[in-house]
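Please keep the structure in view as you read.

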Amino acid sequence: MNNQYTLLAGSIPEKPFPMKPFAPVVLDFLAVLSHELRHHPIARTEPAWSTLGFWLRPNHLKQLSPHLSQQEARLGRGLIFHIAPANMPTIFAYSLCISLLAGNGNIVRVSPRLAPAVAPICDVIHKIWQDDKFAALRRQNAIVTYGRDDELTSRFSQQCDGRIVWGGDKSIAEIRTFPLPPQGVELVFADRYSFAVFDCSSIQNGSDDELRAWAHRFYNDTYEADQNACSSPRFVFWLDERGSAFEAAQRRWWDAVAAEAKAYDLQPIKTSGKYTDAWEFAMTQPHLQSAAFRTNRLYVYTLSSLPPDITALSGSFGQFFQFPIRTLDEVLPFAVKKVQTVSTLGIDPAVLKQALVEAGAMGVDRIVPVGQALDMSVLWDGYNMLEALSRVIE
């Protein structure tokens with residue numbers, strides 16, 4: 001520990017040395033990390049780390065390569081400074097690994113609030129980097145933690161060739177007061193909102209086993225991240241083309257979700273927060289028709305009509321808003337810039353994607369089947385991260 005930051009892994013790079021994307025030493029390191037993560041005790045209690053280990057397996061990384069054009073003429077940009085979010089433990093690691101694949105050295109800042117939770121993973125990374133064959137990575141990469149320190153954030157920002165800010169709108173505005181070098185690039189991941197579109201007839205006609213599987217995937221998309229992930233659905237549009245299936249379909253669906261939600265670790269502070277939200281919604285949302293409480297683990301708010309902007313309808317820890325629609329076109333006005341992910345069930349994503357393109361939608365960066373909302377990709381928030389974090393020599 002120095003007087004400003006605590007080093008969790010690696011060392012602060014003295015001079016950036018860009019590599020080719022998908023460099024062999026990086027792929028070898030990520031293969032070792034993948035194995036260690038999948039066999040680490042933390043993977044049994046926190047599945048997100050096992051998911052990261054699975055994401056890093058060599059066969060999957062090969063599938064990412066086509067996302068990067070002109071690889072033979074590319075190099076990493078140099079040194080990337082990452083500011084990771086405090087509410088999603090695995091994001092710092094995904095950010096680091098993607099930047100490594102693009103050919104960069106890195107300084108990754110982890111929030112002190114998150115540091116104890118990610119310390120075991122940083123220990124794994126640090127241990128792997130002690131192998132002499134990974135000495136170059138040990139010298140070119142650092143994971144650090146420090147509290148609010150404008151001087152340090154400013155210094156790292158001035159030293160880097162690119163900056164990635166994972167955080168809310170307020171954090172981004174604050175970080176942007178620290179200038180980058182003139183040629184520095186910046187990727188920012190702002191506050192986003194996500195919703196789902198479900199087909200009523202699919203819910204009604206699905207077998208009990210199918211319904212349990214869908215509800216389990218929805219649970220993973222939402223409860224596993226306390227609904228705090230930008231890609232976790234908070235609102236469900238129900239496609240009811242005949243106008244007669246909504247009530248039965250939504251009742252069957254939420255009963256299945258409530259069964260899955262029994263596994264959710266609902267701490268008292270979360271219950272308190274949900275009660276506060278429920279009262280606030282009741283007092284401030286004129287479009288609210290009813291609220292159904294299926295134990296404290298699941299609150300469902302049904303609207304009588306749609307407000308102009310649904311992104312203000314946002315709850316956590318198992319709170320969902322819903323509204324029936326007769327056609328997919330009714331979703332289009334709500335595909336505003338703040339919307340990131342649309343999860344679908346019984347809806348062809350290609351059909352919805354084409355409708356959004358034809359409508360010139362300002363928002364929606366991903367359309368995924370239910371269960372894939374939290375799946376990480378090198379394409380995120382409309383960025384191709386591999387391409388943005390590397391450069392082409394013509």
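Predicted model: local features only at pLDDT ≥ 70, side-chain atom pairs only at ≥ 80, totals over all residues.

The protein chain contains 15 helices and 17 strands. Its radius of gyration is 22 Å, which agrees with the value near 21 Å that a compact globule of 394 residues would have. Along the principal axes, the C-alpha trace spans about 65 × 50 × 40 Å.

Of the 394 residues, 52% are buried. The accessible surface of the chain is about 17,900 Å², and carbon and sulfur atoms account for 52% of that surface. Of the contacts between residues at least 6 apart in sequence, 75% join residues at least 24 apart. As for charge, the mean positions of the 37 positive and 41 negative charges lie 4 Å apart.

Now to the rings: the structure holds 29 aromatic pairs. Two of them are set out here.

| Pair | Geometry | Centre to centre | Angle between planes |
|---|---|---|---|
| W55 and Y94 | edge-to-face | 5.3 Å | 80 degrees |
| Y223 and Y264 | edge-to-face | 4.9 Å | 65 degrees |

W55 belongs to helix 3 (residues 47–55) and Y94 to helix 5 (residues 91–102), so this pair links parts of the chain 39 residues apart. W55 has a relative accessible area of 7% and is buried; Y94, at 6%, is buried too.

Y223 sits in the loop between helix 11 and strand 9, and Y264 in the loop between helix 12 and helix 13, so their pair ties together parts 41 residues apart in sequence. Y223 is buried at 3% relative accessible area, and Y264 is buried at 5%. Both tyrosines belong to one aromatic cluster, whose members also include W238, W253 and F320.

Methods. Residues numbered from 1 in each chain as written. Heavy atoms only, no water. Helix = DSSP H or I, 4+ residues; strand = E, 2+ residues; numbered from the N terminus. Rg over C-alpha atoms; globule rule 2.2 N^0.38 Å. Buried < 20%, exposed > 50% of the residue type's maximum accessible area, 1.4 Å probe, protein only. Contact = heavy atoms within 4.5 Å. Areas by Shrake-Rupley, 256 points an atom, 1.4 Å probe, with all protein chains shown as cover. Lys, Arg positive; Asp, Glu negative; His and termini not counted. Charge placed at Lys NZ, Arg CZ, Asp CG, Glu CD. Phe/Tyr/Trp six-rings, centres within 6.5 Å; stacked < 30°, edge-to-face > 60°.
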